[in-house]
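Dear colleague,

I am handing over a structure for you to look at, and below it you will find notes on what turned up in it.

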Amino acid sequence: MNSMRTAPSSPAQLVTSAARCHSPATAIGNTPVLWIGEPFCSAGRGFWAKLEGHNPGGIKDRAALHMVARAKERGDLTPGARIVESTSGTLGLGLALAGITLRHPVTLVTDPGMEPIVRRMLAAYGAQVEIVAEPHPAGGWQQARRDRVQEVLNGQPNAWCPDQYHNPDNVSAYRPLALELVAQLGRVDILVCSVGTGGHSAGTTHVLREYFPHVRLVGVDAVGSTIFGQPAGARLMRGLGSSIYPRNVDYGAFTEVHWVAPGEAAWACRRLAATHHASGGWSVGAVALVAGWLARTSEPDARIAAILPDGPHRYFDTIYNDEYCTEHGLLDEPIPLVPDTIGSPSDRVVQRWTRCTDVSAPAGAAR
């Protein structure tokens, strides 16, 4: 008997699990999970990383398409009307995709911190990009962007704004992500999420707790962010943190919160890339740093899922650029292996990786 295996006579005979997409929208979701072990954890320990960078533009593709589709269903967004929104980058990429798919022009308001590659890609996708010149004196760049969005809306009565910070559809958009985790992991004990608008942390947790009521939610914020009660400060990192209080943040859902500094996030990004060939931006590094510590210190059989929101490509000239990192002092300090701990966000202003298990809505976030 000839045991040699012959190649298929035609490419049509090849078997593949890759999807065929008749629309870019159908390329969203069903992202893989990757086991992350050493050097973030000791041998035999680790966490599962949900690689949302495998979406066309990142995790916010899910929210962008869902918010636009729901607005169309309700009649809030009329056929051909313009979509106008504030973005630091990832949601903008998702809205550009939604605009192409559902036939709407898109205007995106950003600030000088948006990476040139993202601005150019948004323009290539047909979006109009506006850049505000000065931060708001109290609300920073985010409030300045939101003020400009309102000006654009006032000039175009039929235009519609998704308002990602306060739109509940930005929460419900992540039900499919949670169901993917249920199918992929079978059980989730700890969920680690970066927090910016609050959408994916709230939406994923609400659904996971339908299956696993015991799930602990660990939030990851940026040093200088106001979300969890710290005072506003200068923030180098984009994609997590906020200088306003998004209503989509579900404070009661969190077990604890960690604040991470830029150098710590950049180190984790680079270690992920060098050891697992998977990485991303500031949010990815911050989440991986915290998830690694949780894997080292939690019970050995705890199943940890960490959501990594994007991929590395837009950060080639920041996180992965030695000159940029040196200029901003990101390579100067040794990276701590454990976080500092404070009893309350009001205890002190944090400057490095710090955790707190007292999580409640700050006074300014009252709804």
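**The sheet of three strands**

Three strands, in the order β3-β4-β5, form an open sheet with parallel pairing. Helices (H or I, at least four residues) and strands (E, at least two) are DSSP runs, numbered from the N terminus, and two strands pair if DSSP finds at least two bridges between them. The edges are taken by β3 (83–86) and β5 (128–131), each of which has a single partner strand, so one side of each is left without a neighbour in the sheet. From one strand to the next the twist averages 20°, where axes are lines fitted to C-alpha atoms, for helices over the stretch in contact, and angles run from 0 to 180 degrees between N-to-C directions.

Before going further, a word on the source: this is a predicted model, in which local features need pLDDT of at least 70 and side-chain atom pairs count only at pLDDT 80 or more, while totals for chains, interfaces and linings use all residues. Residues are numbered from 1 along each chain as its sequence is written, and side-chain values use heavy atoms, with hydrogens and water left out.

As for the pairings, β3 and β4 are joined in the parallel sense over four bridges, and within this pair glutamate 85 has leucine 108 of β4 as its bridge partner. Strand β4 (residues 106–110) also pairs with β5 in the parallel sense over four bridges, with threonine 107 standing opposite glutamine 128 in β5. The helix α4 packs on this sheet and touches β3, β4 and β5, and its direction makes about 165° with that of β3; contact here means heavy atoms within 4.5 Å.

Is β4 covered or open to the outside? It is mostly covered, since five of its five residues are buried, where buried means under 20% relative accessible area, exposed over 50%, and partly exposed in between (1.4 Å probe, protein chains only). In a regular strand the side chains alternate between the two faces of the sheet. In β4 both faces are covered, with Val106, Leu108 and Thr110 buried on one side and Thr107 and Val109 buried on the other.

**Another parallel pair**

Strand β6 (residues 190–194) has five of its five residues buried, so it is largely enclosed by the rest of the structure. β6 pairs with strand β7 (residues 216–222) in the parallel sense over five bridges, and isoleucine 190 stands opposite arginine 216 in β7.

**Two helices that cross**

Two packed helices are described by the angle between their axes and the distance between the axes. For helix α8 (residues 262–276) and helix α9 (residues 282–297), the axes come within 7 Å and cross at roughly 85°. The two are therefore roughly perpendicular to each other, on a scale where angles under 35 degrees count as roughly parallel, over 145 as roughly antiparallel, 65 to 115 as roughly perpendicular and the rest as oblique. Among the residues that make the contact are Trp267 and Leu272 of α8 and Trp282 and Leu289 of α9. By class, the contact has twelve nonpolar, one polar and one charged residues; Ala, Val, Leu, Ile, Met, Phe, Trp, Tyr, Cys and Pro count as nonpolar, Asp, Glu, Lys and Arg as charged, and the others, Gly among them, as polar.

**Single residues to look up**

The peptide bond from glutamate 38 to proline 39 is cis, with omega near 5°, and proline 39 lies in the loop between β1 (33–36) and β2 (47–51). Asparagine 30, in the segment before β1, has a phi near 55°, which is a positive value in a residue other than glycine, and asparagine 30 is exposed, with a relative accessible area of 68%. Aspartate 163 also is not a glycine and has a positive phi of about 50°; this aspartate sits in the loop between α4 (140–155) and α5 (169–172) and, at 23% relative accessibility, counts as partly exposed.

How many disulfides are there? The count comes to zero, a disulfide being a pair of cysteine sulfur atoms within 2.5 Å. For cysteine 356, the nearest cysteine sulfur is that of cysteine 193, 18 Å away, and cysteine 356 counts as buried at 0% relative accessibility.

With best wishes
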